[in-house]
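Colleague: I've got a new model open and I'd like to learn how to read it. Can we start with the overall picture and then zoom in?

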Amino acid sequence: MGLSLELFRSAPRYLAARAVGGKAPGLVAGPLAPLRLASPRDPEPRGDGWTRVKPVLSGICGSDLATLGGKSSFYFSPLVSLPFVPGHEVVGEVIDDVDGLSAGDRVVLASVLACATRGLEPCASCRAGLFNRCDSVATGDLKAGLQTGYCADTGGGWSRMMLAHRSQLHPIPAAMDERVAVLIEPFACAIHAAMRANVPDGGSVFVVGAGTVGILTLLAVKLLTRPDHVIVAAKHARQRAAARLAGADVVVVPDHAVKAVRRSEHAMKLTPERGMDFLLGGVDVAIESTGSKSALDLALRTTRAGGRVVLSGIPGPGADLTPVWFRELELAGAYTSGTERVGDADRNTFDMAIELASGLPMLADMVGATYPLDRWREAIDHALGAGRLGTFKVAFAPQET
Ligand SMILES: [Zn+2]
């Protein structure tokens with residue numbers, strides 16, 4: 001008998017109204033939660049190019065929490081198919097031999113369900129290796145689903161068994177800790193965000209937020225670009241300590257961030273009649289890594305004229321876009337990962353993430369807790385309060401009881 005967590009309906013809107021920011025975590029994981037533990041039959045092999053995968057660790061992502069709490073935009077509704085099993089940050093074991101992978105191989109999952117997984121000729125984006133920009137995520141052989149973890153046909157990582165297409169799977173080195181491997185997907189996203197940031201050599205970078213995404217983005221910026229200095233704003237003490245460890249030059253609480261950027265960039269601070277202070281002058285690049293309105297406002301208000309703001313978290317509604325207009329900011333989305341231009345070469349983002357993470361075994365410490373599937377309410381509560389509780393990544397260990 002299989003075991004999986006299944007999202008069986010859209011979260012009711014009143015959850016969104018009452019659980020904003022995880023202030024009422026018990027509500028999201030409570031009796032009204034749109035998630036249930038199910039015991040489906042294990043999935044049948046899907047045929048050519050597909051294998052069943054046994055998830056060993058499967059992370060809980062901010063986007064999962066937004067979905068569970070009814071906070072994600074209705075924009076996504078035609079891009080998912082219900083019921084689905086969440087979980088797109090997966091390290092697992094291959095069950096069926098498939099094109100160069102053998103049963104028992106350990107793999108991580110690139111979650112986008114692009115043309116290759118749908119039996120389609122590649123779209124223009126897929127031809128260019130930009131799978132994250134695939135136009136076919138709602139058509140073809142599979143039901144709608146922008147990624148594994150949002151599609152009714154593939155299963156997802158919060159289960160004992162799921163399906164994956166060979167094009168999604170990347171083997172990991174034998175020496176890699178599974179707790180590092182479960183961070184490969186978010187690390188690939190972070191690398192993609194760092195590349196989308198087009199950091200000028202000798203420039204200044206401001207990373208807003210220092211949860212898992214923020215810290216991994218900071219690492220990617222330090223490893224792959226050449227800024228003069230990086231500023232990080234982080235709410236919680238443990239996040240600030242991690243940001244310092246990861247090489248941030250200036251680390252501040254969000255309330256002091258405008259002032260800190262003013263000082264480091266020799267900018268001028270102005271105070272509007274209402275709302276957050278803003279700068280004339282500021283950093284070359286800001287990367288918003290939390291998905292909250294206040295973090296996006298902070299990024300927009302501290303970036304210099306003509307600078308670039310990268311949206312790494314799913315943007316929360318309601319940010320004031322006036323600085324985009326007045327400061328002629330470039331606003332760049334960074335959605336999952338695909339192929340990066342590094343020097344003269346095109347590189348798969350997952351390959352880069354696996355290579356870099358192999359040299360960072362201490363990343364394992366970012367996985368603060370793992371839970372079996374039947375303790376899902378505790379796991380979700382822990383993930384919702386992670387920042388406050390000093391935890392970075394919370395993950396399911398689906399094979400454990
Ligand atoms: Zn495509």
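Predicted model: local features only at pLDDT ≥ 70, side-chain atom pairs only at ≥ 80, totals over all residues.

Colleague: How many helices and strands does the chain have?

Modeller: There are 14 helices and 19 strands.

Colleague: And what share of contacts joins residues at least 24 apart?

Modeller: Take contacts between residues at least 6 apart in sequence: 69% of them join residues at least 24 apart.

Colleague: What about burial and surface?

Modeller: For burial, 56% of the 401 residues count as buried. The chain exposes about 17200 Å², with carbon and sulfur atoms supplying 52% of that area. On the charge side, there are 41 positive and 41 negative side chains, and the centres of the two sets lie 8 Å apart.

Colleague: Now a single residue. Where is Thr 391, and is Thr 391 buried or exposed?

Modeller: Thr 391 sits in the loop between helix 14 (386–389) and strand 19 (393–396). The cut-off for buried is under 20% relative accessible area, so Thr 391, at 11% relative accessibility, counts as buried.

Colleague: Which residues is Thr 391 in contact with, leaving aside neighbours within four places in sequence?

Modeller: Thr 391 touches Arg 238, Gly 368, Ala 369, His 382 and Ala 386.

Terms used: Residues numbered from 1 in each chain as written. Heavy atoms only, no water. Helix = DSSP H or I, 4+ residues; strand = E, 2+ residues; numbered from the N terminus. Buried < 20%, exposed > 50% of the residue type's maximum accessible area, 1.4 Å probe, protein only. Contact = heavy atoms within 4.5 Å. Areas by Shrake-Rupley, 256 points an atom, 1.4 Å probe, with all protein chains shown as cover. Lys, Arg positive; Asp, Glu negative; His and termini not counted. Charge placed at Lys NZ, Arg CZ, Asp CG, Glu CD.
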